[in-house]
Amino acid sequence: MFAQFLWERDDFAGCEEQANYAVGLKNDDKETWRILIAAQIMQSSYESAIESCDAALNYFPGDVDILGMKVSPCMALKRYQDVLECADSALAKLPQDGYDLFAQFYAYKGDAYYGLNDVENTVNMYEKSLQYNPDDPMVMNNYAYYLSESSDNLEKAEDMSYRTVIDSPENPTY
């Protein structure tokens with residue numbers, strides 16, 4: 001598909017145009033929807049990405065991949081309730097052996113609750129995420145940041161920050 005070719009050349013506007021054309025012709029190709037949504041996110045076209053996710057979910061109801069893609073633009077637009085709805089829908093569909101995905105969606109919920117200033121649920125969701133993947137550097141980093149911001153359990157925050165830096169020394173974010 002030409003959209004994939006454009007994606008590989010970082011032509012996200014061209015990729016979006018071609019993928020949009022392709023889903024108009026054949027709307028039951030999930031990979032084309034994923035390329036379209038990803039191109040929109042790469043261009044910070046968050047409203048368009050959310051609309052595309054919603055359209056794709058009409059053809060692939062409850063699809064965990066598409067729900068996961070919808071989280072990013074919703075977070076960028078501070079639509080925290082939408083993030084929680086996406087995460088809850090995905091969590092209800094996940095197979096019991098999908099530990100990494102459980103961790104990911106609980107982390108999304110932790111980030112959303114943090115945005116809503118809901119202390120108790122933020123802590124609960126990050127803890128739940130770490131139960132599924134105790135060494136996830138992004139979750140440890142976000143959780144440590146939250147704990148340090150709220151001056152709660154600074155010892156735990158320091159430990160998670162240390163582990164994150166040790167596990168991912170090449171990542172300047174940590």
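Reply: Before the order of elements is read, one definition is needed: helices are DSSP runs of H or I with at least four residues, strands are runs of E with at least two, and both are numbered from the N terminus. The model discussed here is predicted.

Me: How many helices and how many strands does the protein chain have, and in what order do the elements run?
Reply: The protein chain contains ten helices and zero strands. Read from the N terminus on, its elements follow the order α-α-α-α-α-α-α-α-α-α.

Me: What does the C-alpha trace of the protein chain span along its principal axes?
Reply: The protein chain has 174 residues, of which buried residues make up 41%. Along the principal axes, its C-alpha trace spans about 55 × 35 × 30 Å.

Me: How far apart do the centres of the positive and negative side chains lie?
Reply: The protein chain carries 12 positive and 31 negative side chains. The centres of these two sets lie apart by 5 Å.

Me: At what angle do helix 2 and helix 3 pack?
Reply: Two packed helices are described by the angle between their axes and the distance between the axes. Helix 2 covers residues 12-25 and helix 3 covers residues 30-42, and their axes are 8 Å apart. The crossing of helix 2 past helix 3 is left-handed. The angle at which they pack is about 150 degrees.

Me: Which residues of helix 3 meet helix 2?
Reply: On the side of helix 2, the residues involved are Phe 12, Cys 15, Glu 16, Ala 19, Asn 20, Ala 22 and Val 23. Their counterparts in helix 3 are Thr 32, Trp 33, Ile 35, Leu 36, Ala 39, Gln 40 and Met 42.

Me: Is Ile 37 buried or exposed?
Reply: Ile 37 is found in helix 3. Leaving aside neighbours within four places in sequence, Ile 37 is in contact with Ala 49, Ser 52, Cys 53, Ala 56, Ile 66 and Met 69. Its relative accessible area is 0%, and the cut-off for burial is under 20%, so Ile 37 counts as buried.

Me: What is the C-alpha to C-alpha separation of Ile 37 and Cys 53?
Reply: Cys 53 is among the contacts of Ile 37. The two residues are 16 residues apart in sequence. In space, C-alpha to C-alpha, Ile 37 and Cys 53 are apart by 6.8 Å.

Me: Why does Leu 84 count as buried?
Reply: Leu 84 has its place in helix 6, residues 80-93. Beyond its neighbours within four places in sequence, Leu 84 is in contact with Lys 109, Ala 112, Tyr 113 and Leu 116. Leu 84 counts as buried because the limit is under 20% and its relative accessible area is 6%.

Me: How far apart in space are Val 139 and Ser 129, C-alpha to C-alpha?
Reply: Val 139 counts as buried at 4% relative accessibility. Not counting residues up to four places away in sequence, Val 139 touches Ala 107, Tyr 126, Ser 129 and Leu 130. Val 139 and Ser 129 are ten residues apart in sequence, and their C-alpha separation is 7.5 Å.

Me: Is Asn 117 buried or exposed?
Reply: Asn 117 is found in the loop between helix 7 and helix 8. Its phi is near 60 degrees, a positive value in a residue other than glycine. The cut-off for this class is over 50% and the relative accessibility of Asn 117 is 68%, so Asn 117 counts as exposed.

Me: What is the relative accessible area of Ser 44?
Reply: Ser 44 has its place in the loop between helix 3 and helix 4. Phi of Ser 44 is near 60 degrees, again a positive value in a residue other than glycine. Ser 44 is partly exposed, with a relative accessible area of 44%.

Definitions and conventions. Residues numbered from 1 in each chain as written. Predicted model: local features only at pLDDT ≥ 70, side-chain atom pairs only at ≥ 80, totals over all residues. Heavy atoms only, no water. Buried < 20%, exposed > 50% of the residue type's maximum accessible area, 1.4 Å probe, protein only. Lys, Arg positive; Asp, Glu negative; His and termini not counted. Charge placed at Lys NZ, Arg CZ, Asp CG, Glu CD. Axes fitted to C-alpha atoms, helices over the stretch in contact; angles between N-to-C directions. Left-handed = near helix turned anticlockwise from the far one by under 90°. Contact = heavy atoms within 4.5 Å.
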